[in-house]
Amino acid sequence: MKLDTFFDTFAEQYQHYKRGDWCYEDGCVYRGLLLLDGVDPRGPWFGHLKRLVDSQVGYDGSLAGYDIEEFNIDNILSGRALIALYARTGEEKYRLAADRLAEQLGRHPRIGRGNYWHKLRYPHQVWLDGLYMGLPFQIEYGKAFGKPELVDDAIVQLKSALELLADPATGLYSHGYDEAREQRWADKRTGRSQALWSRALGWLAMALVDVHEAIGPKLAAQAGLDEAIEVFAKRVARHQREDGRWNQVTDQPELEGNYPESSATAMFAYFFLVGERLGISGVDGEIGLKALAGLREHALAVGPDGEPVLGAICHVAGLGGFDGRYRDGTAAYYVSERLQPNDAKGVGPFMMAVAEARRRERLGEASATENAGFPASARAGAPRG
């Protein structure tokens, strides 16, 4: 099955995730299309991206269904497409729309340590998801429009979140932290949630490498990001299955009902591929390629209507009250959530990881061309692309 056919068909048929309202799920697809366009500018990716975003952005920068007073950090992610489109086209509506999201961040409630609340209806809480939703946009906006204080603030927030959410028992990170210790899912001593959810760790993984790339190697080194990424990569790699994927609950392979989950696997694939490209010690892109191979072999199939389908994607998972029930953050809870084939939270990161794999391949080809004619001994110390 050709992946370009899958991605092109998916984008052509894509319906905005929440009835056309501005949301992070669409932002996953926008990010995937943007990165595919970066390695294949003659492809249909930019056309799909602009068509989908334009249907949500008014001439005055208004965003479909967006309400700043919800103070929902998820709504920030799609703004990265606005910055990219403004840089590419110069159309003022994209900047005006990005300004609205930056205004939200300027007013967004924070915990005492300075981190953004996940949402107004999830007060005093920091979730791993929110690090990817908000911080890369904040950095890109700050750099694009001359606001270095936004970059500095994002770095401080990321470092603080890593401290608050660190799980000493596993060396990884809990899904959520409740400063108020009011949620039933939160440990009364640490404030952290219980089980490890792989997609939450996937959001963190992508945030780490995207922030690193956005701020550059000097600032990243000063912030300790290289070491944090190296250690995180080693600990995540321990839980990769033989088939290349990661389970829904990261560290409990024997858990009844646990299964290999596609969105987290795609996110980790992206993380390892980008981390290697950034030259971070101990981050092996081959792990990412193995993950992509696992997805292609075990999760990608042809559906009943003849269209390609990426399966084994957790539709949604979270913490606290939602949809008439309480999500308690246990391992049993995470494996109880339903699956949704071709969900944007899986296909978008799959696009991102495939784009990064293609970039790696082309860098490797360019390196091989540059080294043509040189003996192997002279090439041995050359850095990988």
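This is a predicted model: local features need pLDDT of at least 70, side-chain atom pairs count only at pLDDT 80 or more; totals for chains, interfaces and linings use all residues.
Biologist: Why is Lys-234 called partly exposed?

Modeller: The relative accessible area of Lys-234 is 45%. Buried requires under 20% and exposed over 50%, so Lys-234, at 45%, is partly exposed.

Biologist: Where does Lys-234 lie, and how many residues separate Lys-234 from Gln-222?

Modeller: Lys-234 belongs to helix H9, residues 225-237. Gln-222 and Lys-234 are 12 residues apart in sequence, and their C-alpha atoms are 21 Å apart in space.

Biologist: What makes a set of residues a nonpolar core, and how many residues has the largest one here?

Modeller: The members must be buried residues of the listed nonpolar kinds, joined through side-chain atoms within 4.5 Å. The largest such core has 126 residues, and Phe-7, Leu-82, Phe-232 and Phe-350 have the most contacts inside it. Helix H8, residues 198-222, supplies the largest share of this core, 13 residues.

Biologist: Which residues does Phe-350 contact, leaving aside its neighbours within four places in sequence?

Modeller: Among them are Leu-3, Phe-6, Phe-7, Ala-266, Leu-292 and Arg-296.

Biologist: How do helices H5 and H6 pack?

Modeller: H5 (residues 92-107) and H6 (residues 128-144) pack at about 115 degrees, with axes 11 Å apart. The crossing is left-handed. H5 contributes Ala-98, Asp-99, Leu-101, Ala-102 and Leu-105 to the contact, and H6 contributes Gly-134, Phe-137, Gln-138 and Tyr-141.

Technical notes
Residues are numbered from 1 along each chain as its sequence is written. Side-chain values use heavy atoms; hydrogens and water are left out. Buried means under 20% relative accessible area, exposed over 50%, partly exposed in between (1.4 Å probe, protein chains only). Helices (H or I, at least four residues) and strands (E, at least two) are DSSP runs, numbered from the N terminus. Contact means heavy atoms within 4.5 Å. Axes are lines fitted to C-alpha atoms, for helices over the stretch in contact, and angles run from 0 to 180 degrees between N-to-C directions. A crossing is left-handed if the near helix is turned anticlockwise from the far one by less than a right angle, and right-handed if clockwise.
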